[in-house]
Amino acid sequence: MSVPADQQVPPSGAAVAGEPTAPSVDYRDIGPSFTPTHPRALEPAIAPDRTVDGFLTEFLHELNFGGGASLGRSTTNHQYLALARTVRNYLMSDWLKTAARKRSQPSKMVGYLSAEFLLGRQLGNALQATGLTEIAEEAMLACGLDIVKLRAQEVEPGLGNGGLGRLAACFIDSLATMDVSCIGYGIRYEYGIFRQVIVEDRQVEQPDTWLSLGAPWEFPNPERAVRVNFGGHVIEVVDESGRSRRRWVPSWNVLGVPYNYMVPGYANGVVNTLRLWSAQASHAFDLGIFNSGNYVDAVRAQTFAENISKVLYPEDRTPQGRELRLQQQYFFVACSLRDYLERTLPVEFDLSKLPDQIIFQLNDTHPVIAIPELMRLLLDEHDLEWDAAWDITRKCFAYTCHTLLPEALEEWPVDLLNSLLPRHMEIIQQINAEFLATVRATYPGDELRARRMSIISDYPFPAVRMAHLATVAATTVNGVAELHSQLLRDKVLPDFSALWPEKFINVTNGITPRRFIKLANAELSQVITEAIGDGWVTDLERLRGLEAYAADPAFQESFRRAKQHNKERFYTLALAVAGVSLPDGHLIDVMVKRLHEYKRQLLKVLHVVTTYEGIMSGRIAPESVTPRIVAFGAKAAPGYHMAKEIIFLINRVSKVINAEPRMKGLLYMGFAPNYNVTLAEKLIPAADLSEQISLAGMEASGTGNMKFALNGALTIGTDDGANVEIRRLVGDDNFFLFGMSEPEVAELQQRGYVPSDYYQSNPTLRSAIDLIASGHFTGGNREAVGPIVGDLLHNDRFLVLADYQSYLDAQARVDAAYLDEAAWTQSAILNVARCGYFSSDRSMRDYIDRVWGVAPGPGR
């Protein structure tokens with residue numbers, strides 16, 4: 001990639017003349033330059049008055065003096081920003097107090113490194129955490145404002161792609177609620193993932209301009225910018241003591257500017273920090289070039305640098321895209337490690353004790369380049385010897401693997417690393433050499449094993465296996481559900497688990513009940529609290545108390561009223577956003593998740609087409625059909641062609657079904673564009689049936705399955721990911737199981753899977769596929785669905801056709817069960833009651849006890 005001249009650094013590594021440098025302030029020794037004399041200056045931060053009048057005063061002050069608008073002349077956005085800043089002011093007092101307490105009473109902390117943090121809207125969560133919801137509602141009402149409208153004005157930050165980012169957000173919520181010292185580190189993407197729109201039934205990606213109307217929840221800190229270097233070469237130098245040392249001479253650099261977000265605990269006065277990094281040019285504007293009339297080149301360096309934090313997961317089918325992804329990953333971990341070492345640790349800290357102060361959790365392979373970066377800092381900037389640096393490094397990281405797909409375990413070409421991060425490549429090579437020496441000593445003569453385990457692969461081209469690097473360096477390696485962790489040990493990293501069985505553990509994922517039950521489902525929350533008290537919000541296992549009410553007719557009626565309220569809210573949203581009037585009284589059948597073939601949205605489409613074809617052909621009597629609304633939501637990666645074709649098919653099938661008069665009152669199908677946390681909070685509480693139908697052995701865990709179950713939806717699913725644990729906890733009678741088990745999948749694949757055999761032998765399946773292939777749903781255009789039909793019949797990597805009949809049989813059981821209202825409600829209540837295990841608080845306790853060795857604090 002060509003580097004702008006103004007972005008380059010001289011061979012010596014010194015800054016360009018006139019270039020702004022990273023700040024020289026030592027943030028471990030800050031404060032006034034002389035002793036304050038005013039009494040207020042010596043007091044701790046004071047929150048505004050927690051009354052309606054106090055809140056109203058603060059709001060109007062923010063509107064007038066922060067927004068420059070009077071109430072009578074303000075826009076909805078003015079009002080939202082003022083409301084957000086008002087709530088923020090209440091949080092800031094606790095934020096400052098939390099930081100002061102943790103400085104005065106230091107303890108080991110967690111540094112959560114994640115490329116994604118899918119936060120959702122902040123206002124409702126902040127109001128809930130501070131206990132200000134009712135006060136804010138009354139204050140806005142006194143101003144003649146509708147707080148619901150103001151909350152809807154907030155634009156959700158698109159800083160994640162799905163489960164990985166939402167999990168990170170749940171975890172930092174739990175850590176704050178448990179008063180665990182933690183800082184989250186990530187990237188402040190200017191445009192996030194992308195905004196999905198549907199044009200002529202196909203996904204079109206648009207920039208997610210989430211910052212365009214203001215970002216009241218972030219605090220920029222440009223004075224704490226960090227310089228991040230790239231490129232160049234490595235030289236040999238002799239230090240003052242005569243030792244030979246390696247030194248990196250970079251060729252270009254950027255600045256990482258931190259933006260802080262508050263992470264409030266629930267009703268405990270604790271506010272932790274999420275720090276997101278934005279890339280800026282170290283020399284952004286050349287006035288000489290500008291004055292010569294070359295306006296584009298004058299800001300070229302700025303554009304080049306800012307690309308690093310422009311979008312989440314840039315398309316990587318091109319060499320430039322792959323390089324940009326690696327730049328992103330190194331950028332945020334380099335900023336984060338330097339921020340901790342230089343801005344958080346005490347002056348002259350003994351780095352041999354670093355593992356007693358911090359544990360960095362690697363959320364998948366994206367931040368794994370942090371391992372050689374910490375080694376580089378310790379070796380090159382703090383002059384430690386190799387053995388001492390490695391001893392520290394291997395105690396400072398823990399690794400969570402979130403996948404079983406080989407293509408998702410990142411590998412970076414050696415040539416790219418040599419070009420972009422030459423010193424890091426040297427360090428990785430030395431780590432690998434020492435590791436392979438251990439392997440060969442443990443398994444003498446087994447060179448094939450050594451090649452399998454090597455951090456650096458040699459086929460089809462030399463590349464660094466980031467999962468191997470993480471496994472070698474980390475204190476622990478965990479999967480995120482029992483089945484996933486077993487497969488991680490047995491199939492993904494079997495040689496490593498044989499060498500270090502003690503490293504491999506399971507920590508099943510969880511979700512925060514504060515957002516996904518109490519905030520998203522206020523009606524159900526009230527029903528639960530009236531029955532068992534409110535302690536469940538921070539101790540979700542207390543939901544077990546609902547089992548005693550599962551068969552109680554009065555409680556069932558309250559439970560159904562809450563579900564009906566959520567359905568009506570969803571109908572209102574569908575009418576307002578899409579202009580669609582949804583029928584009442586239908587089973588709401590939901591499949592919302594990232595679009596990937598292994599998640600098998602196609603299997604759901606085949607079920608819908610089968611029902612449609614059966615009614616149209618007369619094979620299925622209309623009176624025997626349980627009326628359904630089938631709702632999809634999914635984003636496909638921009639470069640994932642087949643996933644985008646599946647979205648096209650879903651939209652085409654929806655249009656034909658919804659336009660057919662014979663389907664009225666029986667079947668409705670829709671696709672919700674731009675599925676995100678905000679939409680999830682509306683759709684999940686309304687769902688009756690949760691579709692968790694991935695091929696067994698493919699899903700790491702899933703967290704959507706947990707959210708649906710805890711909101712009273714029954715699951716139809718395979719024994720995959722956390723479904724296994726959900727089914728075990730709720731009981732087989734309250735879960736619709738179908739499909740092959742993971743061993744059966746492996747056996748079929750080994751035996752040789754021929755999808756066309758299933759097509760030929762199953763007339764119902766053949767009718768459904770033939771209807772799609774005929775162009776019935778695409779205006780007679782067979783070519784439009786050719787890629788999907790061809791792949792199903794001749795490839796079908798994820799065995800959709802093999803599980804089809806079992807899936808139909810399970811759906812028939814769903815139809816029958818839904819007819820018995822009392823029995824269905826009892827099963828739904830038992831799902832809620834028995835899924836308290838899936839709290840992210842429990843996940844955090846597992847990490848605390850088995851991985852991190854940190855201690856929760858006392859809270860307020």
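User: What makes a pair of atoms a polar contact?

Analyst: A polar contact is a pair of N or O atoms within 3.5 Å, where, within protein, one must be able to donate a hydrogen and the other to accept it. This is a predicted model. In it, the side chains of Gln692 and Lys593 make a polar contact of 2.7 Å, and 2.7 Å is within the 3.5 Å limit.

User: Why is Gln692 called buried?

Analyst: Buried means under 20% relative accessible area. Gln692 has 6% relative accessibility, so Gln692 counts as buried. Gln692 lies in strand E21, residues 689-692. Beyond its neighbours within four places in sequence, Gln692 is in contact with residues including Lys593, Phe708, Ile716 and Asn723.

User: How do you know that the length of helix H11 agrees with its number of residues?

Analyst: Helix H11, residues 319-343, has 25 residues, which should span 36 Å at 1.5 Å a residue. The end C-alpha atoms of H11 are 35 Å apart, so the two values agree.

User: What makes H11 largely enclosed by the rest of the structure?

Analyst: Of the 25 residues of H11, 21 are buried, and therefore the helix is largely enclosed.

User: How does the reach of helix H2 compare with the span expected?

Analyst: H2, residues 52-66, reaches 20 Å from its first C-alpha to its last, close to the expected 21 Å.

User: Which residues of H2 are buried, and what covers them?

Analyst: Gly54, Phe55, Leu56, Glu58, Phe59, Glu62 and Leu63 are buried. Their cover includes helix H3 (76-104) and helix H5 (133-142).

Definitions and conventions. Residues numbered from 1 in each chain as written. Predicted model: local features only at pLDDT ≥ 70, side-chain atom pairs only at ≥ 80, totals over all residues. Heavy atoms only, no water. Helix = DSSP H or I, 4+ residues; strand = E, 2+ residues; numbered from the N terminus. Expected span 1.5 Å × (residues − 1). Buried < 20%, exposed > 50% of the residue type's maximum accessible area, 1.4 Å probe, protein only. Contact = heavy atoms within 4.5 Å.
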